[in-house]
Amino acid sequence: MPYVPNTERDRDEMLEVIGASSVEDLLRDVPAELRAKAPLEVPGPLSEIELVRHVSELAARNRVEGVVSFLGGGIYDHAVPAAVRHVVRLPHFYTAYTPYQAEASQGTLQTIYEFQSLIVRLTGMDVANASMYDGATAAAEACLMAIDATKRRKVVVSASVSPAARRVLRTMLAPDAVDIVEVPLRHGVTDLAALDGALPDAAALLLQHPNYFGLLEPAREIGERVSSSGALLVASVDPVSLALLAPPGSYGAEIAVGEGQSLGSPMGFGGPLLGFMAARKKHVRRLPGRIVGATVDAHGRRGYVMTLQTREQHIRREKATSNICTNEGLVALTAAVYLSLLGERGFRELAVQVTSKAHYAADALSRIAGVRLCFPGAFFREFAVELPVDAGRVRDELARAGIWPGIPCGRDYDGMDRSLLVSVTETHSRADIDSLASALEAIIATRRVS
Amino acid sequence: MSVLDAKVLEPTVFELSSPGRTGYRLPALDVPELDPVAAFGPQAVRTAPPGLPELTEPDVVRHFTRLAEMNHHVDRAIYPLGSCTMKYNPKVNEDLAGLPGFAAIHPEAEPQFCQGAISLMYHLGRHLARISGMDEVSLQPAAGAAGELTGMLVVRAYHEDHGNPRTNVIVPDSAHGTNPASLTLAGYHAVEIPSGPDGRIDVDALGKALDAETAAVMVTNPNTLGVFENRIREVIDLVHGVGGLVYLDGANLNASLGIVRPGDIGFDLMHYNLHKTFSTPHGGGGPGSGPVGVKRHLADYLPTPMPRRDEARSRGVEYYLEHDRPKSIGKVHAAYGNFLVMVKAYAYILTLGPAGLRRVAENAVLNANYLQARLAGDYDLPQKGYCQHEFVLSASRQKDRGVKALDIAKRLLDYGLHAPTVYFPLIVKEALMIEPTETESRASLDRFADALIEIAKAAESSPESVTAAPTTTPVARLDEARAAKDLNVAWEGR
Amino acid sequence: MGAGETRFTKTHEWVRAEGDVAVMGITDYAQHELGDIVFVELPPVGKAVTVGDVVTTVESVKSVSEVYAPVTGTVTEVNGELEGSPGLVNSDPEGSGWILKLRMADRSAFLKLLDRGAYDKETAK
């Protein structure tokens, strides 16, 4: 019986101590008419060998070998350093629980404190929490914070925020009878004139920078406009971009959120992810989630505890700032280790490589006859290209060559059926990018002839 | 004295930093290097570096290893937190979740290239449905509380579809704090009803609280005192009688596996905690996974996309993600949920099989009753009779000697054991909520019971030895008031 | 029932009338039950409250306590010292740990409150 130590003898001896005749006797409070009538209809049991064989076969049906993928859109294919994987596999971290008894959980608590500190530094804000489920739910909760702070009933969101984040926002704000106003784009970035029209009486503007198309938004101008309107700027940011770009704290954001998967975590078919949330000090009591604080113990030694717990559900219940309990603790640890390992220089180097390779790819693709960049503005790690033929057919043909060129934009944006969002990371070699360009060129040439 | 100047066990990464060090090397850049100022404009770039530490790989590994050593964890000893189900985390499942086919696949991969992933999700959903008597399962919520919120949003969508979203959701006062918090986020008003002294729902009080504005009632069964709600059928019938829905908080499902299927009893929907019942690791606070199971009449409202199977392969693939779901509440996660956590739960179900899952529940109940029997002489028991998979002690006897539940918890740490949950459920004074789980051996249970009994005796003979605890942990009791008043949540030193 | 006399509520607030302004806070009994107070949420000046409304909350590390308006009125002043030193509520609850002042709409509610003797009997129960 896997993982259950009790033998029949143990069971009999324990029943004797309890004073019960059988395990059935212990279950006598469960009325007979409510009991399951048949054994559960699930497969198994499998031995470890059989299990590994079966699950490995499932894994093998996901194509990862011999593929060069340029898929991005919020989840990125970065290399995970071995040391990060090693630390995160320490059972002291992954088999630990929520650090309710601080004296026996200083490992977890200090690593979360370090994560919070790193996020504060990257975003240029004052305070940060221990994590949210992902960047999308973090953005939605940040908008709820803004509604609570301003008491206004409207949230403005740029159409350049990722489609998934906008959908999560609508789902989470649906019960609140709050107006969600979407601002259209101009050349792929937030239309400032339309923004001006939408801002009055807004609680927040949710802005993604760089945006879903990889483009830099006019963050400073937007920050000023949002601030004069009395709304809060919620900036959803790409953490890797923060090695180079001016942080949200410098352009007027009151709350900064984002997706931290790119900080040392595998893509994992989309989860676990890592939402981070940072804010100006005045909002700290409104922050959802756990927060770790530094303090001292009875002997004057530095230590860490969960703090401001009165915001949370286990104390405040229906008046809590959120319902979140379990978050993404181990993924926050992953990010802390990753950022510590890369460090100031390594992280900057990573960002420089990512953006340099993305620009090399954009040049290479836009030089193909009939292919053009969708938008003229500056971009960081990904860009949208328009092809002279339907994007879906190009994807199919490139897939045969083991190349996945990008996410089709037409699925989420009108009039972009021939466009793909192409994302490049430090794991793409020049040769990878060149083969994308030449394969694409060949496909387009064939189509032109036929 | 500033926290920066206090004696330090392990400095922060910032204090260990030394300029010029790095722990990871990238290959040489093989394309022209972009100048950020030229490409983005001087206004858009940083004027000062962020202030990340500078460490080598050995520095980083040593630092985090030293921190790791300061953590109690379930691989070391019992972690009997009530309603947390801290069972053993199987190691093969960690390996399987790390397979490149799972770790390296992007969620936007086309379906024909990720059949393994979609198939696993599909079948995990089917298994959870069959384990619980539900019809459809969404794996998208990333934790139990997210599952509760999703469930409440499904409830709202259902009632809106029937003309009136209604305004209230009823919860017993023994409920976990996430219940009222989640229903509030879903736009409902929490109506709290009293529990009896054994934590069971007061059915008369429920009857009085129910009305046409009741959207749902949230129930935990067994409840948070570890007692089975034997009048649950009455409860469900009463709620259905006013057109309300009954939601099961599945945190305590470990007691029910193979014994009771909530869907069969009449629950309309529920959430599961994969990081409790289904053995996936807690990770110090996540990642978890909180799937939601529903009966057919609620299936259309579940989040999008849903993994589906088409054996005829009319779309060219056997497994696919269904996006076209007009009545869906939308999305509660950026992608499909915590997939790598699902891999572990899937593997766990297959490892145990039907008889194994039932024996999990039986042994969870056996272990809890054994501990309860061993401790009944030295601690007060608020409820009489056998418990399910967990039970609550009250330290009120000890409180009379000046020793509180908190002190007992701290003293357990000195024994190298983790304390149970304290001060929950709220309806028991000086509560200690204990859930050993089925993966604890008798020796481990005895060690825990012996320690608690010794502490009870110490509370009589030398209470200061308990109130001064912990004394053998890396730090002693921490000044939580100071942590709240002099807020320091990010390192400011260099 | 002169001016300056302190009165009490069953929910552990104290009130002192200074003309038509009522100064209030929480009692010594309440601060003792709460433990170390880490935060007092100060309401905005000008806020109107009715007797029995929640006028502010007081937080310790592990709990939040609602503080109820003992009289009907408008907030005229709040104790800014509590922002940096919430512990004043513990050390001097009826003095420098005062929380806020209300301009009373009328004195009738004040006159119905418990005097110190009656309050002490309540807490002794």
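Start with Asp29(A), which forms a salt bridge with Arg200(B), their closest N and O atoms being 3.3 Å apart. By salt bridge I mean a side-chain nitrogen of Lys or Arg within 4 Å of a carboxyl oxygen of Asp or Glu. This pair crosses between chains. Asp29(A) sits in the loop between helix 2 (23-26) and helix 3 (48-60) of chain A. Arg200(B) sits in the loop between strand 3 (189-193) and helix 9 (203-209) of chain B. Helices (H or I, at least four residues) and strands (E, at least two) are DSSP runs, numbered from the N terminus.

Asp29(A) is partly exposed, at 30% relative accessible area, whereas Arg200(B) is buried, at 16%. The cut-offs: buried is under 20% relative accessible area, exposed is over 50%, partly exposed is in between, with a 1.4 Å probe and protein chains only.

A word on the source. This is a predicted model, where local features need pLDDT of at least 70, side-chain atom pairs count only at pLDDT 80 or more, and totals for chains, interfaces and linings use all residues. Residues are numbered from 1 along each chain as its sequence is written, chains are lettered from A and ligands numbered from 1 in the order in which they are written, and side-chain values use heavy atoms, with hydrogens and water left out.

Now the interface. How many residues of chain B are in contact with chain A? The count is 208 residues of chain B, against 183 of chain A, where contact means heavy atoms within 4.5 Å. The area buried between the two chains is about 16,800 Å², and carbon and sulfur atoms give 64% of that. Buried area here is the accessible area (1.4 Å probe) that two parts lose on being put together, summed over both.

Eleven salt bridges run between chain B and chain A. One of them joins Glu15(B) to Arg302(A), with the closest N and O atoms 2.9 Å apart. On chain B's side, helix 12 (residues 339-375) gives the largest share of the residues touching chain A, 26 of them. By class, that side has 119 nonpolar, 51 polar and 38 charged residues. Nonpolar covers Ala, Val, Leu, Ile, Met, Phe, Trp, Tyr, Cys and Pro; charged covers Asp, Glu, Lys and Arg; the others, Gly among them, are polar.

There is also a salt-bridge network. It links Arg9(A), Glu13(A), Arg374(B), Arg442(B), Asp446(B) and Asp450(B).

Over all chains, the salt bridges come to 65. Lys399(B) pairs with Glu430(B) at 3.8 Å between the closest N and O atoms. Lys399(B) lies in helix 13 (residues 396-399) and Glu430(B) in the loop between strand 11 (421-422) and strand 12 (431-434), so the pair ties together parts 31 residues apart in sequence. Lys399(B) is partly exposed at 42%; Glu430(B) is buried at 12%. Glu311(B) pairs with Arg309(B), also at 3.8 Å. Here Glu311(B) is exposed at 61%, and Arg309(B) is partly exposed at 33%.
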